[in-house]
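Please read the following briefing alongside the sequence and the coordinates.

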Amino acid sequence: MGYKFLENLSIADVAFEVHGDNLEEVLEYAADALANTMIKNPTAINTRITREFEVTSKDLDLLLIRFLDRLIFYKDTEQLIFGNVDVKVENRLDSWTAYCTAKGEKLDPARHQFVVDVKAATMHLLKVQNKGGEWSARVVLDI
Amino acid sequence: MKTDIDFQEPKFTKISDTIWEIDKDFKQGMRVPVRVYATEKLLKGMDSQVFDQISNIAVLPGIEKYAFVMPDGHSGYSSPIGGVAAFDVNNGGIISPGIVGFDINCLHSSTRILNRHGLWKPIKDFDYSDTVISLDYKSETEKHTEPMLILRKGANTITKITTYCGKNILLTKDHPVLTKNGMVKAGELKEREEIAISGFDGVEYRNNQHKKIVTETLLINFMDKLGITNEHGNAKTQILNSLKQRMLTEIDSDDNRLPILIKLMGFVFGDGAIVSTPKTNTLSFYGKKDDLKNILMDVNELGFKGKIYSRPRHSRINTAYGVSEFDCIEHSLHVQNKSIIILLALLGTPIGKKTKIAYRVPKWIINGEKWMMRLFISAYFGAELSKPQTNNGYNFSAPTFSVNKLERLERSALLFIKDIQFILKELGIECINPTRVKGYDYFGIDGKSVGFRLGIKSNTKNLIKFFSEVGYSYNKERERLGSLAAVYLQYLNAVREKREIIKRSAIEMYTGRGSASRIVNNLECEEAGKNFIYKSIFDSRGIPRIYGIERFEEFCKSREIGTSGLVYDKIINIEESKFDGQVYDLSMADENHNFLANGVLVSNCGMRLITTNLTIKDIKPKIKELTDNLFNKVPAGVGSKSKLDIDKKDFKNLSEEGAKWAIKKGYGWKEDLGSTELGGVADWADSSKISDMAISRGVKQIGTLGSGNHYLEIQYIKPGDIKDNKLAKKWGLFPNQVVIMFHTGSRGAGHQIASDYIQTFLSVMESKYRIKTQDKELACAPFDSKEGQDYYKAMGCGVNISFANRQLILHKLREAFSETFKKDADKLGLEQLFDIAHNRASLEMHEIDGENKKLLVHRKGSTGSYPRGRREIPKRFRNDGSPVIIGGSMETGSYLMVGGPNAPQTFNSTAHGSGRTMSRTKARSMVDGKELFQKMLKNGIYVKSVSWSGLAEESGASYKDIDEVVNAVDAAGLSKKVCRFTPLSNVKG
């Protein structure tokens, strides 16, 4: 369980696949993949700053996109990168809500080995699915 | 190429060596086939995801002809990069009731359309660079406008309208014509109804011989002759550079600035002067304030500045008739720039006091095209020729002008006047032979001067030809009177003709033993009163005289529309006939309606190219210092933060005003806007349509380069890498020259706008508009829906943010250069050559199967490539075609190209770069960033980057061969090579 970058897909951008035991894990691993797309050594991220937020959607694909977009938003507006994101998902009536606690710090070129900036998470080829109890998703990030 | 998902492999049909087609059957729902522009090698190198992505575009409603992939095509998300698609306005029933028509109502192909210089072209040859004269309804004055659309279609019938004064026009029934009751369709017009006409026709703007008028060599030789050198300072180089910046060192006979130059010259030969002394270099014009304003507009169009002064003057002159004294306000326009003086002098304009020197009309004008002659003398006449006036209200006096010179230059004065006489003869106009006029003798401080006069023969036919085809320029009052005089004289002719017929009828009837009073009663009409008819019967000598009808002054008063010089004239005949051919129209259309496939374009990235007057020798020793300085000034990389302190309100203004906002705030030069597409502003933008999240991201990121394939590169032109010498020279490029190219876009704000609207579209696309897409990222909405309109306005903001971002970076770049070289940026010649977005939707007119349609052309990672003449091209390049900037990988090189002849095949689109061939993830695992840095340094390329991995992703090996890509678009004729640039250093995020 975890994430894997796809070498031969969307070659101008970055594609990855995540697998998890539940929806929460899918979102959490996707957050890790996002951080790892931007910096080479995500383990170097200190978790001294916390941001709590929630995203809601009727559609699981969109839930994942809104979640990633929010993390990108913190990166662009506060230069924050997160090393640990904790997610709780609730399914109420016909919509999903993810309650998120993201821990990280300001980007620091001295300690974080920059790779490439992510502009957005896209819906291209996006698929969040549950097959035989295993959750997975495929995401293409716009570089 | 293998991918992580199994995409279906298409079958290709070879159309030519560089065009391959995928059939509509490839994927269900495809409305059009796909065409890939590539060599066989490039085609084989493309991954199959590209074809899957482009075929998803081919499914979208309203798509026209083909979905295209350019040779640099590679997979991204939604549309492939290098993808082009155009969507038709009238498709799918989504046209709003409020659509502003460009109903195709047309004129016959031979219809003459007058441009603002008083030259005409048949409408079929009209292009977007031509400015049309039109009537401003509100102020009832003439104004100059550029056509938005040039339309063409087939027609079965055509209507011919003839007016009393002899004007003919051929048009389709639905073409509107201006009447006293507003615009009325030709089919609804009736005889005797009055329509607006102009007396001025001009001469044809056609170049039979294509000649070089100005070249750099001619300029250099001319300056040598004048003794302008680089010995004390660098005067010669400065003049050349000043002209180069304005692209005035190479001028051909078909250059659209030549008419302006000729007019300026003509006026200077009359009421102007060039003073060139070690202390001052001034080009001056004297005249009425409004006319000087028009001259100034033309001076500005050439890229020069000038100022109009007004001062009271007391004059005292000695003439043969005695001393004359008078007070007046003298208005003058002064242009203080030596380079325009050198240019005009090279073209044959006299320098110094004209009474004291000998000169002729320049030979190239005398031997040139008719339009050149007309422009020269009409501007000269605007200054010198007497105004149209009658001696008895009906008959016009001969217009005259005189030339005065010192007595010793008597012969020169006569020769000049004979040159003018020769030109008039060439234009079909007769003159009274020049005469020496004693009364023009003048005794000034330089001694006695003598005068010669030339008159234009005053017979009606000659004057009609003169006023309708030559007339005046730079003199609004005389232009207006000339045009009115032409109509009035034609009116007199029509009256005479009618009287002649009545006279003949009267005589015939009388000799047939009719009663004189009955004949008079029968024949009496507007043109022929009782007296005239009686006189015809009993005194039939000579041609009918003109009296008893409106005099010129009354005619103007009763018929002129405002002060436009246009008049209302009666229709005397309407004839409909069968017709089988093309008809044309010029139209000023408003925004139109279409599908916006949002996901196709998001970031509005673009390229900006800056030239310098530095050579590789100048820059080599400083390259590291300069690049480091640039790196410090322009934030780049992951999470890079803006150094600009602006608030959300400022940012909203920025998103509506684009590069103009930056210029207003002092970040750049005004001229930068003239070399940016759309003039640096998408004027349809509305910041209330973008979310607070987008604004927050924008505020923090404006003025940053970003990362990925965004870069700033210093490059140079290797000797031998200039492929189009003429154009390179004209655009200010030379061997060993240093240039700067950079690539960035609207940053996070643009992506936020796209993300926001994709989600909006997804929520309404199927339920409300019944549109299905294969890929959620391709979410779209009809253009005229609220959602579509909102997004269009928001996208305008994205385009503006991208223009402003590149403008701010250019400002920082000028600072860095200036600090490193300890010289002002303008002294280093840091001029912007061009800025063009390659991720943008553009509303454009295109011909589809013989019919002109307005399309929304989506280009994702594809550059607009417009062949010469298109109105999308900024004016300074319109004669050449649009510059196309193609950025290659940081290890190889980049290109400058120009819009090619076959660009309309792909809706004026071409490649935008070399295109990736290996994914970022793969490149990172295969290339070591540090090793790459060392290797590049060894090859003479210094890179400053925040990230070794990021560097590895952008290695040359990750990209296709730029030369192969460029050769493919060149061979396909989409764009043509101008020159290649070799990298020297690179700032990477």
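**Briefing on the predicted model**

In strand 2 of chain A, A:His19 is the bridge partner of A:Gly2, where strands (E, at least two residues) and helices (H or I, at least four residues) are DSSP runs numbered from the N terminus. This is a predicted model, in which local features need pLDDT of at least 70 and side-chain atom pairs count only at pLDDT 80 or more, whereas totals for chains, interfaces and linings use all residues. Residues are numbered from 1 along each chain as its sequence is written, chains are lettered from A and ligands numbered from 1 in the order in which they are written, and side-chain values use heavy atoms, with hydrogens and water left out.

**The four-stranded sheet of chain A**

- Four strands of chain A form an open sheet in the order 1-2-7-6 with antiparallel pairing, two strands being counted as paired if DSSP finds at least two bridges between them.
- The edges of this sheet are strand 1 (2-6) and strand 6 (120-131) of chain A, each of which pairs on one side only.
- Neighbouring strands of this sheet are turned by 15 degrees against each other on average, direction ignored.
- Strand 1 of chain A is joined by five bridges to strand 2 (residues 14-20) of chain A, and the two run antiparallel.
- Helix 1 of chain A lies across strand 1, strand 2, strand 6 and strand 7 (134-142) of chain A, running at about 150 degrees to strand 2 of chain A; axes are lines fitted to C-alpha atoms, for helices over the stretch in contact, and angles run from 0 to 180 degrees between N-to-C directions.

**The three-stranded sheet of chain A**

- A further open sheet in chain A has three strands in the order 3-5-4, with antiparallel pairing.
- Strand 3 (49-57) and strand 4 (80-92) of chain A stand at the edges with a single partner strand each, so one side of each is left without a neighbour in the sheet.
- Strand 4 of chain A runs antiparallel to strand 5 (residues 95-106) of chain A, and 12 bridges join them; A:Leu80 stands opposite A:Lys106 in strand 5 of chain A.
- Helix 1 (residues 23-38) of chain A lies across strand 4 and strand 5 of chain A, at about 160 degrees to strand 4 of chain A.
- Helix 2 (residues 60-78) of chain A packs on the sheet and touches strand 3, strand 4 and strand 5 of chain A, its direction making about 150 degrees with that of strand 3 of chain A.

**The interface of chain B and chain A**

- The contact (heavy atoms within 4.5 Å) takes 53 residues from chain B and 41 residues from chain A.
- The area buried between the two chains is about 4,100 Å², of which carbon and sulfur atoms give 55%; buried area is the accessible area (1.4 Å probe) that two parts lose on being put together, summed over both.
- Four salt bridges are found across the interface of chain B and chain A, a salt bridge being a side-chain nitrogen of Lys or Arg within 4 Å of a carboxyl oxygen of Asp or Glu.
- The side chains of B:Lys776 and A:Asp61 meet in a salt bridge at 2.8 Å, N to O.

**Salt bridges in the whole structure**

- Over all chains, a search of the whole structure finds 60 salt bridges.
- B:Asp849 and B:Lys65 meet through their side chains in a salt bridge (3.0 Å, N to O).
- This pair links distant parts of the chain, 784 residues apart, with B:Asp849 in the loop between strand 34 (839-848) and strand 35 (851-860) of chain B, and B:Lys65 in the loop between helix 2 and strand 4 (67-74) of chain B.
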